[in-house]
Amino acid sequence: MDKRNRKKFSLLLCLVIWSVVGYSQKMLSTKAGAISFTASGGAEKIAAINNDVDCKLVDNTGQMVFTLLVKGFKFENQLMENHFNEDYMESTRFPKAGFKGYITNISKINFTKDGVYDAEAEGTLNIHGVNQKVKATGTITITNGKATLKSNFKVKLKDYKISGSYIGDKIAPDATITVNCKF
């Protein structure tokens, strides 16, 4: 094979490899995921939801990334929302929260077959400028080729240096986080 044909062959081989790699994985994403939390410690209900969560999931590797703006959490009570942003989360100083990690049992999830699959995730959760390793379980539901990811887990507020005079009184020391992302 002469030099010119070798270059053409090399280029063709690179294109074939690139197309196989490119088509063998699928990036699932949404910018309208929902993450909510409850941290009710007393008689007062403390709960909020953020419906503007950016989530990306690579189906064959299980790599996941969630990002959200802390000010995107909406409460039933505006005063509670103000205290959350100013006093507890300091959202001007720490505007974003997020998770980067993997679904560790991704090989057990068939994204081409309808069903409900158990999912186990590990990674780093960043809240209030603090990174913590976390593990969480959840489900991935496939319906007509569309995936939905759901999970519930708890975090300790002190692990993320979230403090305030009402924690332990009106605010629970742990928050229950609920994730619901439809891709």
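Predicted model: local features only at pLDDT ≥ 70, side-chain atom pairs only at ≥ 80, totals over all residues.
Which exposed residues are carried by the face of α2 turned away from its buried side? That face carries L79 and E86.

**Helix α2**

- Helix α2 spans residues 78-88, and its buried residues are M80, E81, F84, N85 and Y88.
- At the start of the helix, a side-chain oxygen of N77 comes to within 2.7 Å of the backbone nitrogen of L79.
- Following α2 is E90, which has a positive phi near 45 degrees.

**Strand pairing**

- Strand β6 (residues 130-143) pairs with β7 in the antiparallel sense, and six bridges connect the two.
- One of the bridge pairs links I140 to its partner L149 in β7.
- The two strands β6 and β7 form a hairpin, with two residues between them.
- In the turn of this hairpin, N144 has a positive phi of about 50 degrees.
- Strand β7 also runs antiparallel to β8, to which nine bridges join it.
- K150 has N180 in β8 as its bridge partner.

**Residue S151**

- S151 is located in strand β7, which covers residues 146-156.
- With a relative accessible area of 11%, S151 is buried, because the cut-off for a buried residue is under 20%.
- A polar atom of the S151 side chain lies 2.7 Å from the backbone oxygen of T137.
- Apart from neighbours within four places in sequence, S151 is in contact with A136, T137 and G138, and also with I177, T178 and V179.

**Largest pocket**

- The volume of the largest pocket is about 880 Å³.
- Its lining comprises 47 residues, of which F37, F73, F84, A175 and I177 are the closest to the centre.
- F84 is also among the buried residues of α2, and I177 is also one of the contacts of S151.
- At least two lining residues come from each of β1, β3 (63-69), α2, β4 (96-103), β5 (115-127), β6, β7 and β8.

Terms used. Residues numbered from 1 in each chain as written. Heavy atoms only, no water. Helix = DSSP H or I, 4+ residues; strand = E, 2+ residues; numbered from the N terminus. Buried < 20%, exposed > 50% of the residue type's maximum accessible area, 1.4 Å probe, protein only. Polar contact = N/O pair within 3.5 Å; in protein donor to acceptor, adjacent residues only side chain to side chain. Contact = heavy atoms within 4.5 Å. Pairing = 2+ DSSP bridges. 1 Å grid on protein atoms, 1.4 Å probe; cavity = no way out; pocket = protein on both sides within 12 Å on 5 of 7 lines; lining within 4 Å. Points joined across faces, edges and corners; volume = space filled by probe spheres on them.
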